[in-house]
Amino acid sequence: MEAKVTVTDRTDDDECLILASDGLWNVVPNETALWYNVVLCPRGAGRADCDDSVAAAVDNACSDASLLLTKFALARPSFDNVSVVVQWLTGGRGGIINHRLNN
């Protein structure tokens with residue numbers, strides 16, 4: 001099986017990146033995955049000038065989104081490994097949070 005690779009140029013409007021295995025994408029539509037991030041990740045909280053408490057909130061929101069997407073995929077059910085990384089892009093703040101659960 002050949003890997004599916006997509007290259008997309010970033011814009012200033014990009015707020016988050018969802019990097020996930022096909023275990024997620026086979027059972028969760030793009031719009032649903034994006035909805036989790038819009039709801040959980042505070043808009044504008046990734047700015048470089050935000051304080052440490054806001055940065056921590058962004059880290060927690062990315063972690064929550066990653067974990068919920070993973071659980072959602074496994075509940076669909078996904079019959080493949082599910083790996084999800086959610087990264088807040090705006091201003092470079094926010095940590096990379098990775099939740100990996102193998103069936």
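What share of the contacts in the protein chain with a separation of 6 or more comes from residues 24 or more positions apart? It's 67%, with a contact meaning heavy atoms within 4.5 Å.

This is a predicted model, where local features need pLDDT of at least 70, side-chain atom pairs count only at pLDDT 80 or more, and totals for chains, interfaces and linings use all residues. Residues are numbered from 1 along each chain as its sequence is written, and side-chain values use heavy atoms, leaving out hydrogens and water.

**View 1. The order of the elements.** Starting at the N terminus, you pass through β-α-α-α-β-β. That makes three helices and three strands (DSSP runs, H or I of at least four residues for helices and E of at least two for strands, numbered from the N terminus).

**View 2. The largest nonpolar core.** Here 16 residues come together, and Ile18, Leu24, Val28, Leu69, Ala73, Val84 and Val86 have the most contacts inside the core. Such a core is a set of buried (under 20% relative accessible area, 1.4 Å probe, protein chains only) Ala, Val, Leu, Ile, Met, Phe, Trp, Tyr and Cys residues joined through side-chain atoms within 4.5 Å. H3 gives the largest share, five residues.

**View 3. Around Ile18.** Leaving aside residues up to four places away in sequence, Ile18 touches Leu24, Trp25, Ala33, Leu34, Asn37, Leu69, Val84 and Val85.

Technical notes. Buried < 20%, exposed > 50% of the residue type's maximum accessible area, 1.4 Å probe, protein only.
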